[in-house]
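Trainee: Please show me how to read an interface between two chains. Keep it brisk.

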There are 2 protein chains.
Amino acid sequence: MKPKKTEQNTEQMIKEAAKKVFLERGFDGAKLRHIAEESGTTMAMVNYYFRGKEQLFQRIFLETMGVFLGKVISILNEEVPLEIKVWKVADTYTDFLQANPHVPVFVLAELQKDSSEIFEKLNVKSLIESTYFTKQLQIEGEKGTIRNVKPLQLIVTMLGSLVFPFMAKPIVSYIGGMDDAAYKAFLDERKVIVFETIMAYLKPV
Amino acid sequence: MKPKKTEQNTEQMIKEAAKKVFLERGFDGAKLRHIAEESGTTMAMVNYYFRGKEQLFQRIFLETMGVFLGKVISILNEEVPLEIKVWKVADTYTDFLQANPHVPVFVLAELQKDSSEIFEKLNVKSLIESTYFTKQLQIEGEKGTIRNVKPLQLIVTMLGSLVFPFMAKPIVSYIGGMDDAAYKAFLDERKVIVFETIMAYLKPV
DNA sequence: GTCTATAGAGCGATAGAC
DNA sequence: GTCTATCGCTCTATAGAC
């Protein structure tokens, strides 16, 4: 039987503390002492449950990247009309990032250092390749209802437009003179703008 | 008289080594030992010229971010037609990032930790606000030759679309099954796509 | 200016008592 | 399972010879 107590156990508390600290400070900036303190236990406990900083990090990194990518992939695979799908990506992704604003920089920064073979573990490639989204774009393109586009290029444009304002928040909010509430409004407004931008581009020429 | 020797002096060698190491590994991951080794001198020399890791980092970070932002700002301020301007941003920025692929993650990751008052030093705000680009969008919008848009939103869409593929290279190239040459082609192709996307969005509705 | 040697603080990991 | 105490290592920074 799995432990199902609503009261958290130590392992879970450490994992959550570690996630917070790693996301805010990166692998090199995060110290086991911070994680222990944040979790309310000790360094000895961190090592007892996770056998070292590196292994604790791997667990959290894989999980976080899985969510980061999985969000898009599952939406792209839904069998709904293109227009609805584009909106759903913009809407869902923005909401997710507003709840987890550190995820993009964390994932992309750590990936830079260690561009290894973690992707296979999450079988990311096949999921994008076999996605309904790709077929959808091809079929609509042949019918002439949309411009002919390369799926990966479109995805990069869409994700870049959605993710960038979270990574560049310090600069953008400073330039725009926005406090946190104003920045939230800016991000919500972007849902519509990104949707309109993608749809405008897809319109046949 | 400034030293003008083409043969590099020690200070310059250390600075270039530090830039390389900081850009690749971030502040916390970069060690003075790596910088000393990379520069062919010693840690004592690094401290002799730059009085500590923190100050060396500040110099390099400010300089790098200045270039990162300055590139766009100067193009946006040019008094050329909108269409040419959008193309120029896509073209110039992509070329710059291909020569300096680590810059975006470096700048955005470090900014996350230390969202302080560095922007005033580079008087970034006024430069965007008073830019010819803003007026241009407003005038064309009133004339009805383009859609009414918010300048900052448009800039974020444009920069996000251009910068994201550099930050996400490990994932994107893996998904697309691209080697470095293929990825360069992908990025060059994006110049046109980003240009077309922005122009399609600007078209009056 | 440049080096070697080392001080002094902080790091991850573990031993051992409870 | 959980803690305290501590080991051995690496880090930044500097003293001091040349």
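Mentor: Start with buried area, the accessible area (1.4 Å probe) that two parts lose on being put together, summed over both. Between chain B and chain A that area is about 4,800 Å². Carbon and sulfur atoms give 70% of it. This is a predicted model: local features need pLDDT of at least 70, side-chain atom pairs count only at pLDDT 80 or more, and totals for chains, interfaces and linings use all residues. Residues are numbered from 1 along each chain as its sequence is written, chains are lettered from A and ligands numbered from 1 in the order in which they are written, and side-chain values use heavy atoms, with hydrogens and water left out.

Trainee: How many residues does the contact take from chain B and from chain A?

Mentor: Contact means heavy atoms within 4.5 Å. Chain B gives 51 residues and chain A gives 51 residues.

Trainee: How many salt bridges are counted between chain B and chain A?

Mentor: A salt bridge puts a side-chain nitrogen of Lys or Arg within 4 Å of a carboxyl oxygen of Asp or Glu. The count here is 4. One pairs Lys150(A) with Glu189(B), at 2.8 Å, N to O.

Trainee: Is Thr157(B) buried or exposed?

Mentor: Buried means under 20% relative accessible area, exposed over 50%, partly exposed in between (1.4 Å probe, protein chains only). Thr157(B) is buried, at 3%.

Trainee: Which residues is Thr157(B) in contact with, leaving aside its neighbours within four places in sequence?

Mentor: From chain A, Ser161(A), Arg190(A), Ile193(A) and Thr197(A). From chain B, Ile198(B).
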